[in-house]
Amino acid sequence: MGRKIRVLVAKPGLDGHDRGAKIVARALRDAGMEVIYTGLHQTAEMIVDAAVQEDVDVVGLSLLSGAHMTLFVDVAKLLKKKGMDDVLVVGGGIIPEEDIPKLKKEGIKGVFGPGTPCDEIVDFIKKNVKK
Amino acid sequence: MKDIAQKVLKGDARAVARLITLAENNDPVATEIMKEIYPHTGKAHVIGITGVMGSGKSTLICELTRAYRKQGKKVGIIAIDPTSPFSGGALLGDRIRMNELAMDDGVFIRSMGTRGMLGGLTSAVYDVVEILDASGKDVVLVETVGVGQAEVDVIKIADTTLVIIVPGLGDSIQTLKAGVMEIADIYVVNKADRDGVEQAVAEVESLVDISSANKERKTPVLTAVAKEGKGIKELAVEIGNHFKYLEKTKEFDKQRRLRYEAELVEIIRKELMNFIFDESTFKEKIEDLLDKISKKEIDPHSAAEEILGKILK
């Protein structure tokens with residue numbers, strides 16, 4: 001048995017497109033991780049609450065509506081506020097190039113746009129998750 | 001570490017979550033904390049919810065929890081989904097149906113993978129029930145994986161076991177006769193707005209008539225449409241009645257004793273397995289024996305005797 005990487009995959013905000021999130025969730029499962037999928041229309045508070053209860057190592061956010069600068073950043077800030085500083089936050093979706101450095105500065109360590117091979121995300125998590 | 005135990009007893013969500021992870025990962029630290037909190041357990045009413053895939057267990061749990069919250073009770077939920085036997089990973093999706101419970105401090109939800117256990121539960125579930133109990137939850141709901149016929153471990157841990165059925169299983173209810181259909185304290189025919197509900201209820205009732213013939217308590221058969229919250233109030237009443245029945249008769253102590261027995265056996269089994277398969281001395285021996293078994297130089301029974309001989313000497 002032993003330790004497994006636990007990942008919360010969540011869709012913050014109002015867009016209803018979760019195909020990408022589901023594909024990534026599956027890939028992470030196939031890489032041996034325990035993936036908790038919470039479904040659509042989550043607020044930052046709901047996501048962080050679930051992250052606390054599930055004691056996850058990683059929070060993966062997917063968003064296609066353009067509100068990533070607000071919602072991704074809110075989640076990262078709230079996690080810190082709850083003392084979950086060691087959680088790795090990653091995000092994906094339709095995210096303009098110029099926003100990526102800003103997001104990284106705010107604590108979203110990995111940002112993955114459309115077409116990213118799933119293996120790349122798996123490797124990133126394995127390398128960057130707090131042991 | 002003393003800190004974690006104290007925080008758990010105060011109901012601190014972060015500490016509860018942390019301790020569950022430690023227990024799930026078989027961390028020796030968890031063992032020490034579990035010893036410390038054990039005297040504070042035993043108060044929560046543990047309700048097991050089982051049923052076939054897609055029968056609406058998660059939705060029913062969400063609605064039931066809302067009913068308990070209206071009564072002011074604090075609720076812990078353990079939602080178990082299967083771990084892939086191939087990758088060791090798992091997709092835990094029960095929370096999707098429980099979004100309405102988000103942001104309520106009186107509810108703690110934890111998703112777990114089976115991690116190799118086959119009876120519908122997971123090895124650490126006994127610890128997790130005790131952790132939630134010690135943290136002050138009045139009710140602990142344990143949702144099993146979607147079951148087939150023989151995953152009946154939930155009765156070992158639950159004071160009250162609900163078996164969820166849906167219309168349209170038809171004759172297959174007959175095939176469920178052994179196993180899952182023997183363990184219910186209450187049957188719920190969910191999705192009762194669908195065709196065939198009368199038939200489903202009738203089939204379950206005829207089963208109950210036979211199996212409850214000489215018993216003091218007849219297993220109730222309820223209907224519900226969990227998605228619309230229908231039948232939930234009645235279900236909560238029946239669950240309460242069952243708890244009173246347990247307390248009135250000697251069944252309660254018997255039921256709890258069954259849980260402690262299952263937990264004790266599981267702890268010993270886990271430790272033994274770790275001892276045999278993780279200790280380097282045995283590892284070599286096992287590899288060696290596997291070679292011999294492959295070459296037909298020894299049979300598996302004799303090989304097992306050799307290993308057991310080493311332990312039991």
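Visitor: Which residue is the bridge partner of B:Ile78 in β4(B)?

Guide: In β4(B), B:Ile78 has B:Arg110 as its bridge partner. Strands here are DSSP runs of E of at least two residues, and helices are runs of H or I of at least four residues, both numbered from the N terminus. Two strands pair if DSSP finds at least two bridges between them, and strand β2 (residues 75-81) of chain B pairs with β4(B) in the parallel sense over 7 bridges. Please keep in mind that this is a predicted model, in which local features need pLDDT of at least 70 and side-chain atom pairs count only at pLDDT 80 or more, while totals for chains, interfaces and linings use all residues. Residues are numbered from 1 along each chain as its sequence is written, and chains are lettered from A and ligands numbered from 1 in the order in which they are written.

Visitor: How should I read the two faces of a strand, and are those of β4(B) covered or open?

Guide: In a regular strand the side chains alternate between the two faces of the sheet. A residue is called buried if 20 or more other C-beta atoms lie within 10 Å of its own, exposed if 12 or fewer, and partly exposed in between, with C-beta atoms placed from the backbone. In β4(B), 7 of the 7 residues are buried, with B:Val107, B:Ile109, B:Ser111 and B:Gly113 on one side and B:Phe108, B:Arg110 and B:Met112 on the other.

Visitor: Why does A:Pro96 count as exposed?

Guide: A:Pro96 counts as exposed because it has 11 C-beta neighbours inside 10 Å. This residue lies in the loop between β4 (88-93) and α4 (99-105) of chain A.

Visitor: What is the strand order of the open sheet of 6 strands?

Guide: The order is β5(A)-β4(A)-β3(A)-β1(A)-β2(A)-β3(B), with parallel pairing. β5 (108-112) of chain A and β3 of chain B stand at the edges, each with a single partner strand, so one side of each has no neighbour in the sheet. Strand β2 (residues 34-37) of chain A pairs with β3(B) over 3 bridges, and A:Glu34 stands opposite B:Ala90.

Visitor: How many residues does each chain bring to the contact?

Guide: Counting two residues as in contact if their C-beta atoms, placed from the backbone, lie within 7 Å, the contact takes 27 residues from chain B and 26 residues from chain A. The largest share of the side of chain B that touches chain A, 6 residues, comes from α2(B).
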